[in-house]
Amino acid sequence: MFTDKRLTEAYEKARVEYIDETSNYVFLSDCHRGDGSLSDEFARNKNIFLYALEYYYKNEFIYVENGDGDELWEHHEFKHIKNAHPEVFAILKRFYDEKRLIMIYGNHNIYLKSQWYVEQNYFRNYDEYTEFFYDFLPGIRPIEALVLKDRKTKQEIFVVHGMQGDLPNDQLWYPTMLSLKYFWRFLHAFGVKSPTSPVKNMNKRHKIEKNYVKWIQKHEKMLICGHTHRFKYPKTKDLPYFNSGCCIYPTSITAIEITGGQIQLVRWKTRVNEDGLLQIKREVMRGPDPVGKFDIRASVKNGATAEEIL
């Protein structure tokens with residue numbers, strides 16, 4: 001019940017952008033960029049992430065970072081994250097300078113909800129080598145949610161991180177953050193996860209995803225989110241719930257792409273070629289399908305029930 005309320009609040013306040021067959025969007029979430037230490041789960045996939053973003057930059061995609069991009073629960077001082085991953089923030093700046101970066105905040109970077117924090121940490125950067133301040137992402141305004149609206153059909157795609165209504169990661173995020181910052185982060189190097197996270201807690205994850213689907217059914221919207229770290233692409237009879245997965249899988253990252261009026265789930269993965277060399281490959285896991293296929297309003301108008309859609 002509370003998830004429905006929180007998602008609806010986010011939807012009503014969401015930034016709206018209009019799309020058509022020429023639009024290119026890529027959605028990645030849960031990078032959890034850290035300070036380069038043993039607890040930095042992003043570090044092992046850093047090169048994959050950079051390679052993928054170069055591809056999306058060259059192919060004129062708009063990059064939507066759908067929450068938990070920076071691990072601010074563990075590292076409240078953003079400068080340590082910037083110093084650990086300068087190449088990553090350099091390409092983010094290139095996207096931003098061309099107005100092709102949309103930053104959505106999640107629970108682990110909820111500090112971006114404060115414009116004061118954003119201005120202090122993201123507008124300018126300090127180069128410790130040259131001892132010089134320069135513009136980083138001046139004027140950026142992270143958002144809670146995004147609605148992509150088709151110019152012709154008016155079909156809407158609701159994009160949000162997905163922690164909304166998840167009690168320990170939404171209403172009680174502050175004590176959860178303290179427990180992670182001062183205890184659980186030190187166990188990350190050994191693969192131990194906090195029980196408040198849906199990542200390793202299967203029952204919690206399924207409950208969250210069921211709440212997503214209930215919201216979709218009630219509001220007749222297509223939904224793209226992250227948070228659970230489990231990629232999701234609807235099967236034939238499923239409601240249109242998509243999840244971009246995360247960027248901290250072992251040796252791979254996953255993403256949702258919308259391009260040419262089509263949507264698909266892709267994975268970027270490190271593989272060994274026939275010469276024994278490591279290569280980064282992009283593979284389509286599900287799709288592509290026309291975005292219009294997931295417009296459940298049409299089925300409702302034709303008399304179908306939500307369970308019969310798709």
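I began with the largest pocket: α5 gives the most to its lining, with five residues. The model is predicted, so I kept its cut-offs in view: local features need pLDDT of at least 70, side-chain atom pairs count only at pLDDT 80 or more, and totals for chains, interfaces and linings use all residues. Residues are numbered from 1 along each chain as its sequence is written, and side-chain values use heavy atoms, with hydrogens and water left out.

**Pocket.** I read about 340 Å³ of space in the largest pocket. A pocket here is an open set of points on a 1 Å grid over the protein atoms alone, with protein on both sides within 12 Å along at least five of seven lines; lining residues have an atom within 4 Å of a point. Of its 16 lining residues, Phe78, Lys79, Lys82, Gln120 and Asn121 are the closest to the centre. I also noted that α3 (78-84), α5 (115-121) and β5 (124-127) each supply at least two lining residues. Helices (H or I, at least four residues) and strands (E, at least two) are DSSP runs.

**Core.** Next I looked up the largest nonpolar core, which has 41 residues. Such a core joins buried residues through side-chain atoms within 4.5 Å, buried being under 20% relative accessible area with a 1.4 Å probe, protein chains only. Leu28, Phe49, Tyr56, Tyr63, Leu101 and Tyr122 touch the most other members. α2 gives the most to this core, with seven residues. A second, separate core of 22 residues includes Ile102, Ile143, Leu146 and Val291.

Terms used:
On a 1 Å grid over the protein atoms alone, a cavity is a set of points where a 1.4 Å probe fits but cannot get out, and a pocket is an open set with protein on both sides within 12 Å along at least five of seven lines; lining residues have an atom within 4 Å of a point. Grid points are joined across faces, edges and corners, and a volume is the space filled by probe spheres set on the points. Buried means under 20% relative accessible area, exposed over 50%, partly exposed in between (1.4 Å probe, protein chains only).
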